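User: I am new to this structure. Please show me how to read its features, one at a time.

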Amino acid sequence: MGMNRFYLLLRAIRFDDITTRAMRQSVDNLTPIRSFFEDFVRRCQDYYELNNYVTIDEMLESFRGRCRFRQYIPNKPAKYGLKIIALVDSNTYYSYNLEIYAGKQPNGPYHVNNSACSVVERLIRPISGSGRNITCDNWFSSIPLAEDLLNNHNLTMVGTLRKNKREIPPIFVQKLKERPNESSIFGFKKNMTLVSYKPKANKIVLVISTMHNDDSIDTDCARSKPEMIKFYNSTKGGVDTVDQMKGKYSVSRNSRRWPLTIFFSVLNIAGINSQIIYASNTNAKIVRREYLKCLSKALIYKYMLERVQIKNIPMNIKVRIREMTNAIEEPVQKTSNAPGRCAFCNWKKNRKTSNLCNECQSYICKEHTAPSICQNCSQRTMEDDFFLE
């Protein structure tokens, strides 16, 4: 399509019925994108089966326009934007469940608790009772949450803890100067293990796990890290990797409309998820750049078949579509009942023919046919071909 038409569609695109938006917006901050976003998440869950280890973390979609639930997160590259909490497969980086942080919702069906425990409980509902492990950082992790996941949802959890949690014994966070570097202190409770690791002076790392039940330490590692911390490091980066992949090949554009920003994010995630499903079904290894090109052509293939049949489409566009699809036969060469003289042969030859050029309707003999249009139309097509580049 032309650039002007592309920008026209971009300005006009909407994801809900604007005539009823005011009524729905009184009870939901996500009214403009709610239906579209929930349908996408539901399809992500229908067509893939997660592995044993998943990660929960937050994404920040860059946005500086007006939005009542825009977030400021200083440790993120974008700093300002829309926060999306994601549940991602730690091995394949498949985004399985997503939730947009919408701030404080009005009283109604969408009024939910935005605490870390409540967010995690909503995200793990599709996999509750499956026996998988959840890896999360210190914003989500807590000892009550670990116990709830294990007892009520049959899910284990591995996560870092903040030092100000009241359940942590003082010995795990005090007397740092007396402890040697690269030392570990383990604490055990029923179905739960806590480790305090000191990687360097004046710093400790607290990790809670309902998956591990021993004090094993990896002696092959240069810093003698506990196995719990090594497992956490190997599974914590699922959401960060998805963010990195989204940024490398992104369809996002600067916009002052926050629903459009979420739409761009959904497209990026859909491209990643679809490649993971394709690789799982075919065992094919394909570079992501090439996969996205093939995906885009497959999505517009049916539209190109319809467009090539339009009579007023320029010939150079029709030729390019035929080259891309490889499925459209050349049009049947038109013939005339009354023969006429070839428009390109010398008049002395007086060569008569019934064949007509499909474009300019001139009489053409077999010598001047290339293949179903005359030489002039064929040359004009080659000269105009740069309009498609």
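User: Which residues form a nonpolar patch on the surface?

Analyst: Patches take residues with over 30% relative accessible area and no salt bridge; nonpolar side chains (Val, Leu, Ile, Met, Phe, Trp, Tyr) are joined within 5 Å, like charges within 9 Å. Accessible areas come from the Shrake-Rupley method with a 1.4 Å probe, and for residues only the protein chains shown count as cover. Here Met1, Met3, Phe6, Tyr7 and Leu9 form such a patch, with about 540 Å² of accessible area together. This is a predicted model: local features need pLDDT of at least 70, side-chain atom pairs count only at pLDDT 80 or more, and totals for chains, interfaces and linings use all residues. Residues are numbered from 1 along each chain as its sequence is written, and side-chain values use heavy atoms, with hydrogens and water left out.

User: Is leucine 9 buried, partly exposed or exposed?

Analyst: Buried means under 20% relative accessible area, exposed over 50%, partly exposed in between (1.4 Å probe, protein chains only). Leucine 9 has 38%, so leucine 9 is partly exposed. Leucine 9 is found in helix 1. Helices (H or I, at least four residues) and strands (E, at least two) are DSSP runs, numbered from the N terminus.

User: How many salt bridges does the whole structure have?

Analyst: Side chains of opposite charge can pair when their charged atoms come close. The cut-off puts a side-chain nitrogen of Lys or Arg within 4 Å of a carboxyl oxygen of Asp or Glu. A search of the whole structure finds 13. In one of them, aspartate 39 meets arginine 42, with the closest N and O atoms 2.2 Å apart. They are three residues apart in helix 3, so about one helical turn separates aspartate 39 and arginine 42. Aspartate 39 is partly exposed at 28%, and arginine 42 is partly exposed at 42%.

User: Which parts of the chain does the pair of glutamate 49 and arginine 132 link?

Analyst: Their side chains meet in a salt bridge (3.1 Å, N to O). The pair links distant parts, 83 residues apart: glutamate 49 is in the loop between helix 3 and strand 1 (53-62), arginine 132 in the loop between helix 4 (116-123) and strand 5 (133-136). Glutamate 49 is exposed at 59%, whereas arginine 132 is buried at 11%.

User: What about helix 10?

Analyst: Glutamate 323 and arginine 320 both lie there, three residues apart, about one turn of the helix. They form a salt bridge, with the closest N and O atoms 3.5 Å apart. Glutamate 323 is partly exposed at 48%, and arginine 320 is buried at 19%.
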